[in-house]
Amino acid sequence: MADDYLVRIGKLIRDARQHRGWTQSQLADALGTSQSAVNRIERGNQNISLEMIARIGEALDSEIVSLGYAGPMHLRVVGRRRLSGSIDVKTSKNACVALLCGSLLNKGRTVLRRVARIEEVYRLLEVLHSIGVRTRWINDGTDLEIVPPARLDMDAIDAEAARRTRSIIMFLGPLLHRTDRFRLPYAGGCDLGTRTIEPHMIALRRFGLDITATEGQYHAVVESSAGPDRPIVLTERGDTVTENALLAAARHDGVTVIRNASSNYMVQDLCFFLEALGVRVDGIGTTTLTVHGVPEIDVDVDYSPSEDPVEAMSLIAAAVVTESQLTIRRVPIEFLEIELAVLEEMGLDHDRTPEYTADNGRTRLVDLTVRPSKLEAPIDKIHPMPFPGLNIDNVPFFAAIAAVAQGQTLIHDWVYDNRAIYLTDLNRLGGRLQLLDPHRVLVEGPTRWRAAEMMCPPALRPAVVVLLAMMAAEGTSVLRNVYVINRGYEDLAERLNSVGAQIEIFRDI
């Protein structure tokens with residue numbers, strides 16, 4: 001029996017390594033061991049401790065086992081089931097993590113309503129707890145209360161939790177107002193290729209933040225008397241860099257102008273939250289933000305983040321690929337208008353209710369009903385642009401949608417180095433996707449999906465795309481090690497089951 005478990009653990013490690021694109025030698029180097037030892041582990045021929053399994057999981061950013069559970073989570077999907085009824089869109093993952101970071105600006109009590117209970121949020125909560133912030137779920141676990149200490153204990157930071165989320169980079173903006181010297185572990189998260197933090201550094205240096213990167217950590221020193229004497233021009237119109245600049249500007253005693261700012265949904269939610277804290281922000285929804293900073297923030301604040309347009313797009317894609325009639329409620333329409341315009345061009349049959357307002361009092365919502373449609377490939381390529389263009393995170397869903405459309409669709413995912421490569425995992429399920437280069441994929445449709453057993457891609461959106469294709473495939477599929485999906489979606493399998501899917505959660509070990 002023990003030998004059988006070793007073989008099964010070895011197979012999980014091998015699959016995770018191969019999905020990361022590493023050789024046995026590369027994994028051995030990361031672990032400080034030999035290639036032959038890794039080979040023995042993967043063949044089940046070597047005893048392996050829980051400590052070593054944890055080290056391997058950290059190196060591969062893969063949940064090989066979870067202490068306290070029976071093992072990594074997998075999904076068994078019975079396909080070709082039509083969805084029906086209605087499903088609500090949850091609050092925005094990206095807004096919630098920005099607001100958690102933003103709560104560090106406030107010395108008072110912060111309550112965030114309907115926070116997404118996802119792994120990304122849990123990792124940030126672990127980090128916040130480790131530095132002395134008190135948090136608790138209230139109102140039957142739907143809302144989150146955050147109370148900071150008088151002094152943050154940065155020396156006690158939970159480095160392992162911090163490394164598992166790229167959102168930790170957004171601690172830089174608020175922390176430069178809390179302490180003049182601190183350390184942060186390198187940011188982690190999805191495996192999407194090389195992603196420099198230099199745009200963050202360029203913006204935050206203007207507030208006196210100096211960073212030295214050594215030994216897996218950012219060493220930060222703050223010159224508290226510094227501040228921008230002219231507008232900050234972001235070298236990248238990125239969401240997190242804009243949020244970091246906003247967080248730094250919020251408690252800077254003066255007016256900060258941020259140009260080439262992202263105006264995306266999570267940035268707008270952060271701006272609305274800052275206004276609730278008493279920080280005036282002019283230009284919300286545009287690429288020039290003017291922040292009237294407040295040097296001290298000590299208020300009790302209650303804020304409701306808006307719904308997640310990327311989750312809404314996921315649910316739209318689920319209805320399309322399974323040829324279902326499904327009503328998706330609480331869709332943040334202003335952040336999906338381009339996507340829906342493209343889908344209308346492709347022939348999507350749908351209708352929407354009149355607009356109503358989200359709980360934050362600002363974001364426009366609709367209920368959207370999608371019906372089975374005969375889709376044609378779009379004339380133009382699918383490519384993302386900063387808001388108000390097609391959302392960067394929605395591009396992968398068009399791979400699955402294009403696969404059920406008649407004709408060829410070119411998808412150009414120019415932002416990330418690796419993500420387009422993961423879309424070709426759909427070929428394991430019967431798709432016909434040709435990788436032209438690391439950023440361009442040619443999709444041929446329509447597709448006759450077929451069941452398969454496979455490892456979950458290490459990037460969030462491609463992982464969900466694979467799950468949606470499995471829902472459309474004839475037969476029973478298995479998607480192994482879905483931790484990355486749990487990073488960004490709350491109870492996705494159960495919620496899809498509530499509208500007719502048949503997805504079973506199981507564990508091996």
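This is a predicted model: local features need pLDDT of at least 70, side-chain atom pairs count only at pLDDT 80 or more; totals for chains, interfaces and linings use all residues.
Reader: Happy to start with the rings! How is a pair of aromatic rings described?

Author: A pair of aromatic rings is described by two things, the distance of the centres and the angle of the planes. In this structure there are three aromatic pairs. One of them joins F273 and Y303: the centres lie 5.9 Å apart, and with 65 degrees between the planes the pair is edge-to-face.

Reader: Where in the chain do F273 and Y303 lie?

Author: F273 belongs to helix α11 (residues 265–276), while Y303 belongs to strand β13 (residues 301–303). They are 30 residues apart, and the pair links distant parts of the chain.

Reader: And are these two residues buried or exposed?

Author: Buried means under 20% relative accessible area. F273 has 0%, so it is buried. Y303 has 6% relative accessibility, so Y303 counts as buried too.

Reader: Nice. What kind of pair do F335 and F387 form?

Author: A tilted one, with 4.9 Å centre to centre and 45 degrees between the planes. F335 sits in the loop between β14 (326–332) and α13 (337–346), and F387 in the loop between β17 (364–371) and α14 (395–403), so the pair ties together parts 52 residues apart in sequence. Both F335 and F387 are buried. Ring pairs also bring in Y265, making a cluster of Y265, F335 and F387.

Reader: Which rings have the charged end of an arginine over them?

Author: Look at F506, where the charged end of R76 sits over the ring, 4.0 Å from its centre. Then find W137: the charged end of R117 sits over that ring, 4.0 Å from its centre.

Terms used:
Residues are numbered from 1 along each chain as its sequence is written. Side-chain values use heavy atoms; hydrogens and water are left out. Rings of Phe, Tyr and Trp (its six-membered ring) pair if their centres lie within 6.5 Å; planes under 30 degrees apart count as stacked, over 60 as edge-to-face and the rest as tilted. Helices (H or I, at least four residues) and strands (E, at least two) are DSSP runs, numbered from the N terminus. Buried means under 20% relative accessible area, exposed over 50%, partly exposed in between (1.4 Å probe, protein chains only). A charge sits over a ring if NZ of Lys or CZ of Arg is within 6 Å of the ring centre and within 35 degrees of the ring normal.
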